[in-house]
Amino acid sequence: MFFLIVEEPDPSAPPPGSSWWLEVDFRGDPSGCFYLGLSEEAAATAAANFLGAEPAAAVGREDTVNVLREMANMICGATLSRLENGRSFELSSPRLLEGAPLRQPDAACILTLDCGGAEAGLWLDSSRG
Amino acid sequence: MAYRVLIVDDSPSMRSFIRRVIEISGFDCGVCLEAGNGQEALAVLNREWVDLILTDINMPGMDGAEFVRRLEADDCLRSIPVLVISTDSSNARIRHMLALGVKGYIAKPFTPEALRAELERLLGVPHV
Amino acid sequence: MRTIVVGVADCAVSNDPDAVLITHALGSCIGLLIHDPVARVGGLLHYMLPESRLDAERALRNPFMFADTGIPELFRRAYALGAVKNRIVVRAAGAAQVMDPDGVFQIGKRNSQALRRILWKAGILLQGEELGGFSSRTVRLEVGTGRMWCRSTGEPEREMTGSVHLAQGVVEWRTVS
């Protein structure tokens, strides 16, 4: 739906210098919080692709925020659905953050996309504070 | 035939995506109504009839499961087919929604062709 | 029947009811087949790479090498022969992972993503696809009838019909246990 290619993961890759940060709370077994960061290029491309817009510069900030919130919702939901516990989760509405999360995540990964980069991670409730 | 469709999702961009798929699929969608959650959707249905409802599950206020329960409890509204579009593709959730009476389930992310295939199954193939 | 062979990085459009458009060796490349059943106009594009921005000069010499230049040109040529956008049936085959056993370059996947992105932005949906896998393919289109066929290496030829392979996302909920 976003038409982005995720490149082969490189463990030594530096953070992509994300400009956009989103957070989603999830309740279930386990509970916690998921975050997603995207570079300016990745965010603009994802938004334009999702909305079928051309060129990328035509998508306004409000539409970009809405698309990225949906992206965070989908990645979080799809990730949780792959847990083998077979349980359902409840997700909060994704929040746009002012900056990068300050806490060290319990799990994180850096994604190199065919346009810019992204990073994602999560905290589990037992470790949040 | 001009179809009337109700899209229920708290994400404006998701509603926009679904609306676009309906339009370019060739369906004569005379009316495409939208709501941000189950409560808003019931308010819409209080004054408008639709041929198909597409609903998310995780929404603030009334979620999709409760919304479908309310539809099934209504003698008129229970006849409207419901297609779920959700990030939750766990067996538990799918079983639950089936038991509530939904007619289809699409897991996000999905291709536009997947949504069109379900629309054709529920509404029939559109004539060009 | 008059056979028109479409080569690699090539395209053909015809309104001759006796013409059959065919292309071979669709490995990581994509064969895009289009047909307007009312105007009886058919087209076939065989492209190799997703984006022309890395080699704009080559794209000027041969737009059919790339998805982002070849697909618009395919449709333009079909419109010039009387095809109408909302009548056109679109199917695709190819995007296999060949000669790249570890999937390092992902050219097939990139070609597939480019196709889906370009069609989505143009407001067009596929009505049949044979994408991915590991085998090379041949496709052909009968301009007079609009019928399309695909054959993978080592398998019998089969007609590409209106039903799309179970597209990503649809839950076969009837079989959920």
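Me: What do the buried residues of helix 1 of chain B pack against?

Reply: Start with the terms. A residue is buried if 20 or more other C-beta atoms lie within 10 Å of its own, exposed if 12 or fewer, and partly exposed in between, with C-beta atoms placed from the backbone. Two residues are in contact if those C-beta atoms lie within 7 Å. Helices (H or I, at least four residues) and strands (E, at least two) are DSSP runs, numbered from the N terminus. Now the case. From chain A, the partners are helix 1 (40–51) and helix 2 (61–81). From chain B, they are strand 1 (3–8), strand 2 (29–35), strand 3 (52–55) and helix 5 (112–123).

Me: How far can I trust the numbering and the model?

Reply: Residues are numbered from 1 along each chain as its sequence is written, and chains are lettered from A and ligands numbered from 1 in the order in which they are written. The model is predicted: local features need pLDDT of at least 70, side-chain atom pairs count only at pLDDT 80 or more, and totals for chains, interfaces and linings use all residues.

Me: Which residues of helix 1 of chain B are buried?

Reply: An α-helix has 3.6 residues a turn, so residues three or four places apart point the same way. Here the buried ones are S13(B), M14(B), R15(B), S16(B), F17(B), I18(B), V21(B) and I22(B).

Me: What does helix 1 of chain B span, and what follows it?

Reply: The expected span is 1.5 Å times one less than the number of residues. Helix 1 of chain B covers residues 12–24, which is 13 residues. Its first and last C-alpha atoms are 18 Å apart, close to the expected 18 Å. After the helix comes G26(B), with a positive phi near 95 degrees.

Me: How do helix 2 and helix 3 of chain C cross?

Reply: Axes are lines fitted to C-alpha atoms, for helices over the stretch in contact, and angles run from 0 to 180 degrees between N-to-C directions. Under 35 degrees is roughly parallel, over 145 roughly antiparallel, 65 to 115 roughly perpendicular, and the rest oblique. In chain C, helix 2 (residues 67–80) and helix 3 (residues 107–122) have axes that come within 10 Å and cross at roughly 45 degrees. The two helices are therefore oblique to each other. Helix 2 of chain C contributes A67(C), D68(C) and I71(C) to the contact, and helix 3 of chain C contributes N111(C), A114(C), L115(C) and I118(C).

Me: Where are the cis peptide bonds?

Reply: Most residues other than glycine have a negative phi, and most peptide bonds are trans. One cis bond joins D29(A) and P30(A), with omega about 5 degrees. P30(A) sits in the loop between strand 1 (20–27) and strand 2 (32–38) of chain A. Another joins K108(B) and P109(B), with omega about -5 degrees. P109(B) is in the loop between strand 5 (104–107) and helix 5 of chain B.
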